[in-house]
Structure formats: C-alpha cells, structure tokens
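Q: I have a protein model open and would like to learn how to read it. Could we go through a few features together?

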Amino acid sequence: MSDNQNAQDLLIEEDVYLTSGVHIGTQQKSADLKNFMFKIRSEGLYVLDSKKTDERIKIAANMIAKYDPSEILVVSARQYGQKPVRMFSNIIGCHAFPGRFVPGTLTNPSLNLYVEPRVIIVTDPAADQQALKEAVTSRIPVIGLCDANNETKYVDVVIPANNKGRRSLAIVYWLLTREVQKLKGIIESNSDFKTEVKEFEATL
C-alpha cells in the first residue's frame, strides 16, 4: 500500500494530528506503550505513532457503536478532558463523569449516582484510576486514552494519544464522536458532522 493510500485511509489529515499535538508523549515511557512509539525526540520526549492512534480510534468507535448510548460511560478527572467528555456525552447521549469520580459509582447500587454501563471510556488510566478500578471489579470493558507513560494492564482498547493536551483531547473525542455517529447511521458522511473541533476544546 502506498503512502497516498495510507493517507486517504486516515480519519483526518495527519497534519491535524501533528498540529494538535496528539503524538506528543511524555518524558517517561511504560513498557506497555512501546509498540505505539514512533521515536524519541532530542529533548527526551517520546513521540507516539499517529497512524496507530488513528487505527485505534476506528477500533474504539466500532466497539462503542455496538452499544446503546445508555450503556456507555465516559470519564475524565483531567481538566482539559472535561469539556470533550461532556460534548461526546451530549452528542452520543451517554453517561459522563467530568471531574471527580465518586467512589462506588459502578459498585454501590445504593448511591444516587450509581450506573451500570457495559463499556467505559477513561481519558487517562492514571488520573481516572478509581473509575478504572471499579470497571475492572465490575468486569466492564475499558477503552482508554493512553499517553507514553501509562500502564495499560486493565485497558481493553488502548488509544495511544497525548491525554494531557487541550487540543489533543479535543481532536480525539471529536473524531470518536463523528465516527460513532457515522457507524450508527445518524450521519452519512464526515461533512454531515457540523460540530467543529474547537467546540470540544476546553477554554483556557
């Protein structure tokens, strides 16, 4: 397959991934993410492979689209992930926990906030460790945005991405939203998706 065909297969032009910093990892790396690395930069930052990010967004969208929106939960303790998570939730129609995840949300039926999702999306397995732990206990499959330093032991579908950047989180959740809408037949093509990436971006 030529580079041109590869480029056409991407959900968005590779330049958009690069200008959004989706590929910029951390200065630490976990062994779990080594297959998603592209290179290490001179200043010591690990760089993620944006083609693999693209591939995993497609896999995650396919998985999410199989569930009824009421069976999906998306969480983000990270500040820059909270607006993208809210937007994803509003458009898809699923549950969202932006901000602090209340212990017992997935394990304590007597809590008002208690939900029983069939799939959970975490913005950062480290920052969202309470949600991740409860998902594992409840045997709920986990989709996780994983930076270079994340461990992926309990993540079923890894989306390698900069999960700390404002624009990076906006583009990943925007693409996930668009792809799920297409797979569910709510929109027919990319041009039918009228919400702009900037609407997913957290304000500074």
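Q: Which residues does Lys39 touch, not counting residues up to four places away in sequence?

A: Good place to begin, and keep in mind that this is a predicted model. Contact here means heavy atoms within 4.5 Å. With residues up to four places away in sequence left out, Lys39 touches Leu45, Tyr46 and Val47. Lys39 itself lies in strand β1, residues 37–40.

Q: Is Lys39 buried, partly exposed or exposed?

A: Buried means under 20% relative accessible area, exposed means over 50%, and partly exposed is in between. Lys39 has 46% relative accessibility, so it counts as partly exposed.

Q: How far apart in space are Lys39 and Asp49?

A: Here we compare the two C-alpha atoms. Lys39 and Asp49 are 8.2 Å apart in space, and ten residues apart in sequence.

Q: How should I describe two helices that pack together, such as α4 and α6?

A: Two packed helices are described by the angle between their axes and by the distance between those axes. For helix α4 (residues 79–92) and helix α6 (residues 166–183), the axes come within 8 Å and cross at roughly 10°. That crossing makes α4 roughly parallel to α6, because angles under 35 degrees count as roughly parallel.

Q: Which residues make the contact between α4 and α6?

A: On the α4 side they are Tyr80, Gly81, Pro84, Val85, Phe88, Ile91 and Ile92. The α6 side brings Arg166, Leu169, Ala170, Tyr173, Leu176, Thr177, Val180 and Gln181. Sorted by class, the contact of α4 with α6 has eleven nonpolar, three polar and one charged residues.

Q: What can I learn from Ile92 in helix α4?

A: Ile92 lies in helix α4 and is buried, with a relative accessible area of 8%. Not counting residues up to four places away in sequence, Ile92 touches Pro69, Ile72, Thr177, Val180 and Gln181.

Q: Where in the chain are Glu71 and Arg118?

A: The side chains of Glu71 and Arg118 meet in a salt bridge, at 3.3 Å from N to O. This pair links distant parts of the chain, 47 residues apart. Glu71 is in the loop between α3 (50–65) and β3 (72–76), while Arg118 is in the loop between β4 (95–98) and β5 (119–122). Glu71 is partly exposed, with a relative accessible area of 21%, and Arg118 is partly exposed at 48%.

Q: Is Asp147 buried or exposed?

A: Asp147, in the loop between β6 and β7 (157–160), has 1% relative accessibility and so counts as buried. Its side chain reaches the backbone nitrogen of Asn163 at 3.5 Å.

Q: With which side chain does the side chain of Asn163 make a polar contact?

A: The partner is the side chain of Asn150, at 2.9 Å. Asn163 sits in the loop between β7 and α6 and is buried, with a relative accessible area of 0%. Leaving aside neighbours within four places in sequence, its contacts include Arg78, Thr123, Asp147 and Leu169.

Q: What is the phi value of Arg139?

A: Phi is a backbone angle. For Arg139 it is near 55°, a positive value in a residue other than glycine. Arg139 lies in the loop between α5 (129–137) and β6 (142–146), and at 76% relative accessibility it counts as exposed.

Terms used. Residues are numbered from 1 along each chain as its sequence is written. This is a predicted model: local features need pLDDT of at least 70, side-chain atom pairs count only at pLDDT 80 or more; totals for chains, interfaces and linings use all residues. Side-chain values use heavy atoms; hydrogens and water are left out. Axes are lines fitted to C-alpha atoms, for helices over the stretch in contact, and angles run from 0 to 180 degrees between N-to-C directions. Helices (H or I, at least four residues) and strands (E, at least two) are DSSP runs, numbered from the N terminus. Angles under 35 degrees count as roughly parallel, over 145 as roughly antiparallel, 65 to 115 as roughly perpendicular and the rest as oblique. Ala, Val, Leu, Ile, Met, Phe, Trp, Tyr, Cys and Pro count as nonpolar, Asp, Glu, Lys and Arg as charged, and the others, Gly among them, as polar. Buried means under 20% relative accessible area, exposed over 50%, partly exposed in between (1.4 Å probe, protein chains only). A polar contact is a pair of N or O atoms within 3.5 Å; within protein, one must be able to donate a hydrogen and the other to accept it, and residues adjacent in sequence count only if both atoms are side-chain atoms. A salt bridge is a side-chain nitrogen of Lys or Arg within 4 Å of a carboxyl oxygen of Asp or Glu.
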